[in-house]
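Please open the structure in a viewer and keep the selection tool at hand.

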Amino acid sequence: MNQRFCAVESRAIDDPLVGSGAHLERNLLLSWPRPKWQRNLRQASDMPEALLAALHALPDEGRRVNLIHRREQPERHHRVFLMPERQAFDVPREALVDFIAALRRGDDLTAWRPEPVDRSLVLCCTHGKKDKCCAKFGFATYKAMAEAVRHHDLPFDVWESTHLGGCRLAASALVLPQLRKYGRIGDDDILPLLESEARGRPYLPCYRGDSRLTPRRQCAQVAALEWLAAQGLEADVEVVDDAEETDAPHHEVAVKWQAAHRQGWLTVTCHALELLRYDTCSDLADGPSPSRVWRAVEVRESTPTPA
């Protein structure tokens, strides 16, 4: 029997990468052996109940939790990262509940011996218990990324991660604290993506968008970056979009850009449409469901509207 994968189905219908970059800015990453991961992104089979309760409380307080894994990490001595604080801690398993309690209270964490995180983190989703695409495509991408970082001495720490969102876009990765999400990462993308990130630039062929922006604004941001790249310009862009989120199918979004000694404005016309798709492999048996996606249909040079 031929197996079906939501990632293959998504690519076949030209499901856009752009606009799928949502992610909370505040994150706690907790190392835990991958064989123990459960379907829930912050749960492992051997976690004490008190620790599970503490981890499940954090998202309600605005901090996302992901489990991460590297083979060399000791099983019962956990690496904990806080983002965007760029702090790392080494916490024995029996002290994790106390550490999280201190974090939730807003205590000074100096006693826990924080270390500054000087290298960006690259998380590769390998959460096969959540979706088989993340195991099939994600693990190979993780290994290749980790090897590329070692071989080329690039400034990243690469970890396997639980669910990052967008299983249909596997292989997926997230760069922290920059909050840039990527999808459909192929073998030929790995080194260019890492080299682009090392320069502080998003890698456009696999870029899903800046997680701080709404899907519409991600659409405008990436379209502007692609238009500028086609002009030979590597620019910083700022999406200037005060319009409310509505059901209107068309939006014109202003984007300010600056590159070296040049700057200007673009107007990006973004079009919303409904796409029938499978969000995860578990949906394949039930049929596709409608989802709203955004596409940029026009980019043109413009001048800012006076206040």
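The model shown here is predicted.

**First stop: a pair of helices**

Select residues 49-57, which form helix H2, together with residues 96-105, which form helix H3. How do the axes of H2 and H3 cross? They come within 9 Å and cross at roughly 25 degrees. H2 and H3 are therefore roughly parallel to each other. The crossing in which H2 passes H3 is left-handed.

Next, display the side chains where the two helices meet. On H2, select Ala-50, Leu-51, Ala-54, Leu-55 and Ala-57; on H3, select Leu-96, Val-97, Ile-100 and Arg-104, which they meet. Of the residues in this contact of H2 with H3, 8 are nonpolar, none is polar and 1 is charged.

**Second stop: a hairpin**

Proceed to residues 250-259, strand S12, and residues 262-277, strand S13. These strands run antiparallel and are joined by 10 bridges. S12 and S13 form a hairpin, with 2 residues between them. Select Ala-260 in the turn: this residue has a positive phi of about 50 degrees.

Finally, select Leu-275, for which the residue standing opposite is Ser-291 in S14.

Methods:
Residues are numbered from 1 along each chain as its sequence is written. This is a predicted model: local features need pLDDT of at least 70, side-chain atom pairs count only at pLDDT 80 or more; totals for chains, interfaces and linings use all residues. Side-chain values use heavy atoms; hydrogens and water are left out. Axes are lines fitted to C-alpha atoms, for helices over the stretch in contact, and angles run from 0 to 180 degrees between N-to-C directions. Helices (H or I, at least four residues) and strands (E, at least two) are DSSP runs, numbered from the N terminus. Angles under 35 degrees count as roughly parallel, over 145 as roughly antiparallel, 65 to 115 as roughly perpendicular and the rest as oblique. A crossing is left-handed if the near helix is turned anticlockwise from the far one by less than a right angle, and right-handed if clockwise. Contact means heavy atoms within 4.5 Å. Ala, Val, Leu, Ile, Met, Phe, Trp, Tyr, Cys and Pro count as nonpolar, Asp, Glu, Lys and Arg as charged, and the others, Gly among them, as polar. Two strands pair if DSSP finds at least two bridges between them.
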